[in-house]
Amino acid sequence: MNSIWLESVEKIKSSGKIEEDTSADVCIIGAGMCGITTAYYLTKKGYNVVVVEKNEIANGVTGHTTAKITSQHGLIYHYLSEKYGINVARKYFEANEEGIKNIKEIIKENGISCDFEETNSYIYTTNESEIEKINEEMEYLKHVNKDAEKTNETDLPFKVVSAIKFKNQGQFNPLKYVQGLVNYILEHKGRIYTNTLCTDVKKEDDGYLVVVNENKIYAKYVVLCSQYPFLKVPGFYFAKMYQESSYVLGIKTYEKLPKDMYINLDAPVYSFRRAKYNGEDILLIGGAGHKTGQKVTYEETYGMLEKKAKELYPDARVVAKWSTRDAVTLDKIAYIGDYSSLMPNMYVATGFNKWGMTTSNVAANIILDKITNNGSIYEEVFKATRFKPIENKDEMKNMLVDSTKSLLTNRIKESALDVDDIKENSGGVIERDGEKIGVYKNEDGKYFYVKPVCTHLGCILEWNDADKTWDCPCHGSRFDKYGKNLLGPAIEDLEKYEIKEDN
């Protein structure tokens, strides 16, 4: 099954695949929510904009989000206030609230039909021991969001002991929204090239050469919106964040659905929101999160959500399911702004920490202000070149340990797995003559072999039995069962082996 967003629209029109060298004022790499929003604002300002996308428009994280438009990002305001002070927490809130307002204005101004609904957002707990965390968050929200309410009243099909309510938030269909932005961009002479892979960005004179397919684009400004930056240096973003995978079910039930958006704070975390699917209301249940690249089964992912759906709605029927991933920063704040002090006029937006709808708009406006030299009051909060691992030593330690274990030269040898141990429609890593080999066995018993080494930085891949993919535990790259690159930061496919099995 695909995401309901991708099923809801035909392939979004683009400028096709790039066929020749070209130039632009701004080249944006990545045609997801962030890249397209940035292109929209720059096009409105009269800039000559080119967007390049290795796949189709909004087919990555944007096409697999739960699409909540909110400034309620978990218990973020207690954390920010304690770590960086109340002023940083307030600016973070104001930036995201402005993002919500901007999205509403774009929809109205362009007449975009995207199933937008204004709704409330709740973070809740059913655990008495978690009430103190709610109380701590509320103490700081008194100085940040004075409209936030503490309550134990919700329209969920179970009792909560405490919750925080944010008013005037929103939800929509992200593909229909992006389609509206794309229409504006193309109608105003912007160009969006799909199936156009960017492999390098080179400084040249007072601008950049962006290498795509067999062609080059010259631009004064470059904006990297590829979800997780594929460039390794000088930004070193792979050392400053990791990726988390999570899963979504769309269920149909005849019972009453909650009208607002919900997420709980105590593990296991579940997310709920209504959505339109084939003209009917369904419920999206998200969760079962884990660090990308960890070995997981169907039962631990989709199966876990199916169990929760049946528990809440015994008549629940699954009509859609999909997975997504999010780039998570070490300090819970996105990286937005200058890519590196060594590359002026190149910008980055990444690490949205599962809250990409509003953060994409925040990022687009910060970058717009950078390019137009207006300056942004929010730039310092999201400064991309910051790097303070000492304040996040636990996350840094975990990330370094995972990466070191997964590097080819440092991989801890696991118990031997033989090719005959691989079940149909499953995979795993075997070892032959001291070499690791990735094996996928299809439903007909045919084997497919790949070199299970990520083409980004050489980490050993892990088989994801829920999505039938090869995932990288270091930085979250994903490859399909045959080795084709699906998600970055890797951009190259896996090397394939031809091995004849003895009968």
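In which loop is P268 found? The points below answer this and go through some other features of the model, which is predicted.

1. P268 sits in the loop that runs between β12 (261-264) and β13 (270-277). For background, most peptide bonds are trans, and most residues other than glycine have a negative phi.

2. P234 has its place in the loop between β10 (215-224) and β11 (241-252).

3. A positive phi. A288 is not a glycine, yet its phi is positive, at about 55°. This residue belongs to strand β14, which covers residues 280-291.

4. The sheet that contains β18. Strands of a sheet pair through backbone hydrogen bonds, either parallel or antiparallel. Here 4 strands make an open sheet in the order β18-β19-β20-β25, and the pairing is antiparallel. β18 (426-432) and β25 (496-497) are at the edges with a single partner strand each, so one side of each has no neighbour in the sheet.

5. The pair β18 and β19. These two strands run antiparallel and are joined by 7 bridges, with β19 spanning residues 435-441. As an example to look up in the structure, I430 has I437 of β19 as its bridge partner.

6. The sheet that contains β24. Another open sheet of 4 strands has the order β21-β22-β23-β24, with antiparallel pairing. Its edge strands are β21 (462-464) and β24, each of which pairs on one side only. On average, neighbouring strands in this sheet are turned by 35° against each other when direction is ignored.

7. The pair β23 and β24. Strand β23 (residues 478-480) pairs with β24 in the antiparallel sense, over 2 bridges. Within this pair, F479 stands opposite N485 of β24.

8. Two crossing helices. Helix α4 (residues 86-110) and helix α5 (residues 131-144) have axes that come within 9 Å and cross at roughly 75°. Angles from 65 to 115 degrees count as roughly perpendicular, and therefore α4 is described as roughly perpendicular to α5. On the α4 side, the contact is made by I86, A89, R90 and F93, while α5 contributes Y140, H143 and V144. By type, the residues of this contact divide into 5 nonpolar, 1 polar and 1 charged.

9. The second largest pocket. This pocket holds about 670 Å³ of space. It is lined by 24 residues, and those closest to its centre are N2, H64, S323, R478 and L486. The lining divides into 8 nonpolar, 10 polar and 6 charged residues.

10. Two or more residues of the lining come from each of β15 (317-329) and β24 (485-487). β15 gives the most, with 5 residues. The strand β24 named here is also the edge strand of the sheet in point 6, so a student can follow β24 from its sheet to the pocket lining.

Key:
Residues are numbered from 1 along each chain as its sequence is written. This is a predicted model: local features need pLDDT of at least 70, side-chain atom pairs count only at pLDDT 80 or more; totals for chains, interfaces and linings use all residues. Side-chain values use heavy atoms; hydrogens and water are left out. Two strands pair if DSSP finds at least two bridges between them. Axes are lines fitted to C-alpha atoms, for helices over the stretch in contact, and angles run from 0 to 180 degrees between N-to-C directions. Angles under 35 degrees count as roughly parallel, over 145 as roughly antiparallel, 65 to 115 as roughly perpendicular and the rest as oblique. Contact means heavy atoms within 4.5 Å. Ala, Val, Leu, Ile, Met, Phe, Trp, Tyr, Cys and Pro count as nonpolar, Asp, Glu, Lys and Arg as charged, and the others, Gly among them, as polar. On a 1 Å grid over the protein atoms alone, a cavity is a set of points where a 1.4 Å probe fits but cannot get out, and a pocket is an open set with protein on both sides within 12 Å along at least five of seven lines; lining residues have an atom within 4 Å of a point. Grid points are joined across faces, edges and corners, and a volume is the space filled by probe spheres set on the points.
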